[in-house]
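Subject: Structure handover

Hi,

Here is the structure I promised to pass on. Please open it and keep it beside you as you read.

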Amino acid sequence: MRNKIILIFVIVLVVLAAWSAVSHSRIVAADALATKQWLAADSAYAARFARMADALSSTDAAGFAAAVNRYVSSQGMDTKALAAADVEAEYAQAVFAKDGDLTVPSSLSAARLEAVQATDAAVSAARGSYNEAVRVYNTSISGFPGSVVARMFGYGPRTYLRATDGF
Amino acid sequence: MKYILIAVGVIVVWAVFAYNSFISLINRAKEAWSDIDVQLKRRYDLIPNLVNSVKGYATHEKSVFENVTAARAAAIGAQTPEEKGKAENMLTGALKSVFAVAEAYPDLKANTNFIELQRELSDTENKIQSARRFYNSNVRALNTKVDSFPSNIIASMFKFGHMELFSLDEADAAARNPVEVKF
């Protein structure tokens, strides 16, 4: 009887160890994918901001330039995501009408503005892919036995690429 | 004894899978919410431009612009989906009055910048609706699981609660009262 109990205990341990090993592999793969998708999102934002800067090169857009600098200098994905939203807002302010002047400044080239619009889909797709990768990663470190493995190997949750704080 | 051990083993394995499925649903809902959040932010960014555009023509419609500004600020300040939903409804109503004002100014309606803003707002609203549906379907799946037996036992053990739906009155009204097609 005692031998049987020991055998069952050993089998349970082996199953748990194998399950944890598989879970660890999933976490590593999900972490790598999330990092890769972040790089793609960062690159899409960089391309978009470069085109925005190009479109605004002939006008005074100090707020936009400051927002881009904040984006470049910010550390970590969370702060970068918020900084990216600021850049978008500053760009919109610089391009669209202010105080009833409905015309886009004549110094701005329509072709360059369209070049910025052409990056909308790429940025949206990159953000969607990154958020999906974060979901897979966060799920893998929150479930069982992933949560135990994540704690052992120091994996923490990642933040979704969002526009504002809260919830 | 053997059967008891097997039964315990089955229950433990089921509990682990049920727990993991809760985690998966919660993360899906959070991902969906992040998409809504991005689209809402885009909408908030477009509104000042729209207001400034209309202001140039309709200088005496002060209360309309004040309502939109207040509704936008309330929407930005809202945190939970329920608060956001209420604030968005107010904002949509306020935006309607801006467009109603614009109707009285043919020069404004013909302005390419104004048309582009309208198009962008409409596009953003469509994206919000699509993201809202995805979020709500995930939240409904989670809430159903929280209430169903036997998964409600795991939910109460690990304190998995209901998540709030993101409701917009207009969208709900449209669903309740579909467009009539007459031949």
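Below is what I found, chain by chain and residue by residue.

Two notes on conventions. This is a predicted model, where local features need pLDDT of at least 70, side-chain atom pairs count only at pLDDT 80 or more, and totals for chains, interfaces and linings use all residues. Residues are numbered from 1 along each chain as its sequence is written, chains are lettered from A and ligands numbered from 1 in the order in which they are written, and side-chain values use heavy atoms, with hydrogens and water left out.

**Chain A overall**

Chain A has 6 helices and 0 strands. (Helices are DSSP runs of H or I with at least four residues, strands are runs of E with at least two, and both are numbered from the N terminus.) Its pattern along the sequence is α-α-α-α-α-α. The chain has 167 residues, and 38% of them count as buried. (Buried means under 20% relative accessible area, exposed means over 50%, and partly exposed lies in between, with a 1.4 Å probe and protein chains only.)

Now the contacts (heavy atoms within 4.5 Å). Take those in chain A with a separation of 6 or more: 74% of them link residues 24 or more positions apart.

Chain A exposes about 8,900 Å², and carbon and sulfur atoms supply 62% of that area. (Accessible areas come from the Shrake-Rupley method with a 1.4 Å probe; for residues, only the protein chains shown count as cover.)

**A nonpolar surface patch**

Which residues form the nonpolar patch on the surface? They are A:Met1, A:Ile5, A:Ile8, A:Val12, A:Leu16, A:Phe144, A:Val148, A:Met152, A:Phe153, B:Met1 and B:Leu5. Together they have about 1,100 Å² of accessible area. (Patch residues have over 30% relative accessible area and no salt bridge; nonpolar side chains, meaning Val, Leu, Ile, Met, Phe, Trp and Tyr, are joined within 5 Å, and like charges within 9 Å. A salt bridge is a side-chain nitrogen of Lys or Arg within 4 Å of a carboxyl oxygen of Asp or Glu.)

Helix 1 (2-55) and helix 6 (146-153) of chain A each supply at least two patch residues. Helix 1 of chain A gives the most, with 4. A:Ile5 lies in that helix. A:Ile5 is partly exposed, at 48% relative accessible area.

**The cores**

The largest nonpolar core has 48 residues, and B:Val54, B:Tyr135 and B:Phe166 touch the most other members. (Such a core is a set of buried Ala, Val, Leu, Ile, Met, Phe, Trp, Tyr and Cys residues joined through side-chain atoms within 4.5 Å.) Helix 1 of chain B gives the most to this core, with 17 residues.

- B:Glu88 sits in helix 3 (residues 81-103). It is buried, at 2%. Its side chain makes a polar contact of 2.6 Å with that of B:Tyr44. (A polar contact is a pair of N or O atoms within 3.5 Å; within protein, one must be able to donate a hydrogen and the other to accept it, and residues adjacent in sequence count only if both atoms are side-chain atoms.)
- B:Thr124 lies in helix 5 (residues 112-147). It is buried, at 3%. Leaving aside neighbours within four places in sequence, it contacts B:Gln39, B:Arg42, B:Arg43 and B:Leu46.
- B:Asn136 is in helix 5 of chain B. It is buried, at 3%.

Best wishes
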